[in-house]
Amino acid sequence: MRKATRGDALMEVLQAVKDPEIPDLSILELGMVNRVTEDGGEVKVELMPTFVGCPALDLISRDVRENLFRQEGVKEVEVKFVMDPPWTSDRITPEGREKLKGFGIAPPRDRGADPMDIVPECPYCGAGEGEVHNLFGPTACRSIFYCKNCRQPFEGMKPV
Amino acid sequence: MIMETADQAAQNPGCRRALAELLYQLADDELCLGHRDSEWLGLAPDIEGDVAFSSIAQDEVGHAVFYLGLLHELGEESPDRLAFFRKAEERKNAVLLEQPNGDWARTMVRHVLYDAFDDVRTEALVNSSYRPLARGVAKIRREEHYHLLQLKPWFIRLARAGGEARKRVERAVGEVWSEAGGFFSLGDEEEEMIRSGLIACGSEELARRWEMRVKPVFDEAGLTWPGLPPAPGKDGRRGEHTEDLTELIRTMSEVVVTDSAARW
Ligand SMILES: [Zn+2]
């Protein structure tokens with residue numbers, strides 16, 4: 001077994017920072033963390049916003065700081081949002097995709113050639129033949145679909 | 001010359017001035033339209049449209065905050081102060097975007113025309129010499145994709161529905177056309193913007209590319225193409241605005257003006 005490093009410990013801290021709307025899902029599983037570095041107690045975190053105008057960014061940034069400051073030896077924390085690389089929906093980890101499903105939100109699929117070809121599998125029954133009900137949903141990153149198999153609407157992440 | 005940071009951009013005063021000008025145009029367009037979009041909340045003709053406009057408004061205002069953040073890095077005031085406390089004559093949005101929404105048809109017409117323009121403009125920015133702008137725009141384009149996908153079908157559906165819907169679309173096109181030319185103006189710094197490589201092309205080329213995007217939508221909607229819109233009476237890029245913008249700023253800044261310590 002590889003020896004756990006300081007970097008691993010800091011990553012574990014970020015695993016405790018959750019999406020404010022989906023309390024099961026961490027920012028690591030969402031694929032929002034680009035880089036974490038530490039130099040003599042100064043921790044720098046680069047996060048990729050899921051959506052540029054996502055209103056949860058301030059909360060997430062605060063949670064990252066608070067959690068890191070609780071670690072021994074951390075004297076300063078800098079949280080920076082970066083656009084390069086851009087966050088894309090395929091950055092969500094396999095664990096993250098499972099947790100989304102558990103929350104009733106279909107994980108995103110790849111965008112097809114037809115821009116409306118974005119319907120994911122139904123998170124309830126797994127059927128693939130749904131339709132787009134509304135491109136927009138309760139948050140900018142989600143759409144609303146309709147499952148023709150279990151005949152109910154469901155939410156899903158937009159492919160971006 | 002490629003500029004990675006605000007400090008590098010600031011080394012050439014001419015280039016810095018042109019960059020700030022461009023960022024104000026981008027920010028003010030998105031802020032005005034985002035505010036107007038938010039005015040539909042609870043009032044859109046269907047629940048789906050209502051839900052869509054809450055996200056679209058949030059996206060547009062979020063993009064404005066991103067551009068204002070870049071301005072702040074260049075040494076301008078904080079995004080909140082720039083958004084709420086600049087006077088109308090200091091703002092650089094196209095005049096069409098400060099006007100009230102009007103009815104649903106007019107809202108769809110203006111939005112589709114603007115989104116197509118924003119698509120053309122951001123496309124001309126993805127290789128901008130100012131890298132922080134180029135990167136943000138690449139990300140923003142992924143989000144704007146969904147705005148056109150949502151609104152263009154509305155535009156076409158209303159126009160093809162005939163009757164009252166079509167009459168209103170035709171009226172809206174007539175109304176907005178005299179101001180739509182204001183999108184393409186890049187203001188006084190156009191030459192420097194191009195010389196510094198901040199944007200890939202000038203206003204004439206932007207207008208030409210926009211026509212190539214929008215004309216097919218008019219064809220699909222069965223509408224007669226009115227030809228490229230004329231230069232506008234008031235050029236918002238030069239700080240020329242109407243009473244509508246003063247009113248919009250007053251509404252938008254109502255809370256912060258009433259209680260400057262309010263948090264939201
Ligand atoms: Zn189902």
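Which residues of chain A does UniProt list for "domain: MIP18 family-like"? Select residues 8–79 of chain A: the entry, an unreviewed one, gives that span. UniProt positions follow the numbering used here, feature names are shortened, and annotations may be inferred rather than shown by experiment.

Before going on, a word on what is on your screen. This is a predicted model, in which local features need pLDDT of at least 70 and side-chain atom pairs count only at pLDDT 80 or more, while totals for chains, interfaces and linings use all residues. Residues are numbered from 1 along each chain as its sequence is written, chains are lettered from A and ligands numbered from 1 in the order in which they are written, and side-chain values use heavy atoms, with hydrogens and water left out. The model scores ipTM 0.89 and pTM 0.94. For chain B, the mean pLDDT (the predictor's confidence in each residue, from 0 to 100) is 96, and 100% of its residues reach 70 or more.

**Stop 1: chain A as a whole**

Color chain A by secondary structure. The C-alpha trace of chain A spans about 55 × 35 × 25 Å along its principal axes.

Go back to residues 8–79 of chain A: the span is 29% helix and 33% strand, with its end C-alpha atoms 18 Å apart. Now select residues 120–158 of chain A, where UniProt places "domain: PaaD zinc beta ribbon", again from an unreviewed entry. Here the chain is 0% helix and 44% strand, and the end C-alpha atoms lie 9 Å apart.

**Stop 2**

Show the side chains of E29(A) and K99(A). They form a salt bridge with the closest N and O atoms 2.8 Å apart; the term means a side-chain nitrogen of Lys or Arg within 4 Å of a carboxyl oxygen of Asp or Glu. The pair links distant parts of the chain, 70 residues apart: E29(A) sits in the loop between strand 2 (22–26) and strand 3 (33–39), and K99(A) in helix 3 (residues 94–102) of chain A.

Next, center on P85(A), in the loop between strand 5 (76–81) and helix 3 of chain A. The peptide bond from D84(A) to P85(A) is cis, with omega near 0°. Then move to R151(A), which has a positive phi of about 55° although it is not a glycine. R151(A) lies in the loop between strand 8 (142–147) and strand 9 (152–157) of chain A. Most residues other than glycine have a negative phi, and most peptide bonds are trans.

**Stop 3: where chain B meets chain A**

Bring chain B into view. In contact (heavy atoms within 4.5 Å) are 21 residues of chain B and 26 residues of chain A. The two chains bury about 2,100 Å² between them, 65% of it on carbon and sulfur atoms; buried area is the accessible area (1.4 Å probe) that two parts lose on being put together, summed over both. Select K139(B), R142(B) and Y146(B): they supply 33% of the area that chain B buries against chain A, more than any other three residues.

Finally, look for the one salt bridge across this interface. R135(B) and D84(A) meet there, at 3.2 Å from N to O. Two elements of chain B, helix 3 (47–73) and helix 7 (131–160), each give two or more residues to the side that touches chain A. Helix 7 of chain B gives the most, with eleven residues.

Terms used. Helices (H or I, at least four residues) and strands (E, at least two) are DSSP runs, numbered from the N terminus.
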